[in-house]
Amino acid sequence: MKRWGVVLLLLLLSVPAFAIDTEPALPNAAMQSRYEYLTHEFRCLVCQDEDIADSNAALAADLRAEVYRQVLQGRSNEQIKQYMVSRYGDFVLFKPPFQPNTWLLWFGPGILLLLGLGVAFVLVRRRNQNNSTLVDDENEVDEPRW
Amino acid sequence: MWRYFIPIALIVLLMAFFWRGLYLNPGVVDSPLIGKPVPAFSLPAVADGSPPLTSEDFKGHVSVLNVWATWCIPCREESATLVQFSKSKLVPVYGLLYKDQRQDAEQWLQEKGNPYQLDGFDPKGQVALNWGVYGVPETFVVDANGVIRKKYVGPLTDSIVKDSLIPLVNSLNQEKP
């Protein structure tokens, strides 16, 4: 009985596999891995949260075919990315490039973290000062001040 | 008083961002081709015996390029608007038939009217790829120097034509090539 339970659980956890990419294999492993890498780097502009490797949209198929063709021609990853960006903009890249208009995006989380740490530091220090001057009983529970 | 100011200011700022976000359309991606010259290309005409559509056709006057297909449902809505705009003869309207069949297209143009002075046939969508097309319909406005100035994603409506396309075309027509 328990064994059937395990089987059922495994069946429930399994995900159906769909072959979306119909491009034939590239002549060598290095090209193939570059193709796999690149098709996972580019966003499908039709279904925007999918990369072109995983998207069923016709546009994604066209772009896969284009990446395939260019890898076969021996164009570099950088050249192929440039090709995509010049047509579809930076949005086509899943990883945003590091440039002035994306600085906020790259540094934003760090800045917010520093701000948060700064606020926490000030609050804690203020509370400690209050505790030492106003509160004599060390066991008193600290209440938030606002 | 001051300790409330900063949190409230932050909340107002966030709300402003969210409010703006409500009215953004994530389906519309700005084209990097705005301000760039028309990509070099040459396409055979949809109708046999008609002249081809090439990048040379965009030089010396303002022009409008409409990317369309008969399988595209929004193109149906757009068709009457486009025919009417074309009849105004403000600028030549070109078509790019995207991944479609010639016969279907000819039948469509007979039924609904043909807004296109020239209509290029792009059965595999390769030229469209160079224009950064990612869906149909899309409409480009090109100035007299052959530079792409504007891209409309999705069907043109009478109000878009009246409030945006016609004013844009008129102002581009004023520019010296």
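## Overall make-up of chain B

Chain B has five helices and seven strands. In sequence order these elements run α-β-β-β-α-β-α-β-α-β-β-α. With a radius of gyration of 20 Å, well over the 16 Å that the globule rule gives for 177 residues, chain B is more spread out than a compact globule. The model is a predicted one.

Along the principal axes, the C-alpha atoms of chain B fill a box of roughly 80 × 40 × 30 Å. Of the 177 residues in chain B, 38% are buried.

## Helix 1

Helix 1 of chain B covers residues 2-22. At 1.5 Å a residue, its 21 residues should span 30 Å, and the end C-alpha atoms are 31 Å apart, which agrees. The number of buried residues in helix 1 of chain B is zero, so this helix lies largely in the open.

B:Trp2 belongs to helix 1 of chain B. B:Trp2 counts as exposed because 5 C-beta neighbours lie inside 10 Å, and the cut-off for exposed is 12 or fewer. The C-alpha atom of B:Trp2 is 66 Å from that of B:Phe121, a residue 119 places away along the chain.

Strand 6 of chain B, residues 138-142, is mostly covered, with five of its five residues buried. In a regular strand, side chains alternate between the two faces of the sheet. Here B:Glu138, B:Phe140 and B:Val142 point one way, while B:Thr139 and B:Val141 point the other way. Residues of both sets are buried.

Strand 6 of chain B pairs with strand 3 of chain B (residues 63-68) in the antiparallel sense, over five bridges. In strand 6 of chain B, B:Phe140 stands opposite B:Leu65. Strand 6 of chain B also pairs in the antiparallel sense with strand 7 of chain B (residues 148-153), again over five bridges. B:Tyr152 in strand 7 of chain B is opposite B:Thr139. Strands 6 and 7 of chain B form a hairpin with five residues between them. In the turn, B:Gly146 has a positive phi of about 80°.

## The nonpolar core

The largest nonpolar core has 61 residues. Those that touch the most other members are B:Val67, B:Leu97, B:Tyr98, B:Ala128 and B:Val142. Leaving out residues up to four places away in sequence, B:Val142 touches B:Val38, B:Phe58, B:Val62, B:Ser63, B:Leu65, B:Val147, B:Ile148 and B:Arg149.

B:Tyr98 lies in strand 4 of chain B, residues 93-98. B:Tyr98 is buried, with 26 other C-beta atoms within 10 Å, where the cut-off for buried is 20 or more. Leaving out residues up to four places away in sequence, B:Tyr98 touches B:Val67, B:Trp68, B:Ala69, B:Asp122, B:Gly125, B:Ala128, B:Val133 and B:Val136. The C-alpha atoms of B:Tyr98 and B:Gly120 are separated by 8.8 Å, although the two residues are 22 apart along the chain.

## Contact with chain A

The contact between the chains takes 12 residues from chain B and 13 residues from chain A. On the side of chain B that touches chain A, five residues are nonpolar, five are polar and two are charged.

How values were computed:
Residues numbered from 1 in each chain as written. Chains lettered and ligands numbered in written order. Predicted model: local features only at pLDDT ≥ 70, side-chain atom pairs only at ≥ 80, totals over all residues. Contact = placed C-beta atoms within 7 Å. Nonpolar A, V, L, I, M, F, W, Y, C, P; charged D, E, K, R; others polar. Core = buried A, V, L, I, M, F, W, Y, C linked by C-beta atoms within 7 Å. Helix = DSSP H or I, 4+ residues; strand = E, 2+ residues; numbered from the N terminus. Rg over C-alpha atoms; globule rule 2.2 N^0.38 Å. Pairing = 2+ DSSP bridges. Expected span 1.5 Å × (residues − 1).
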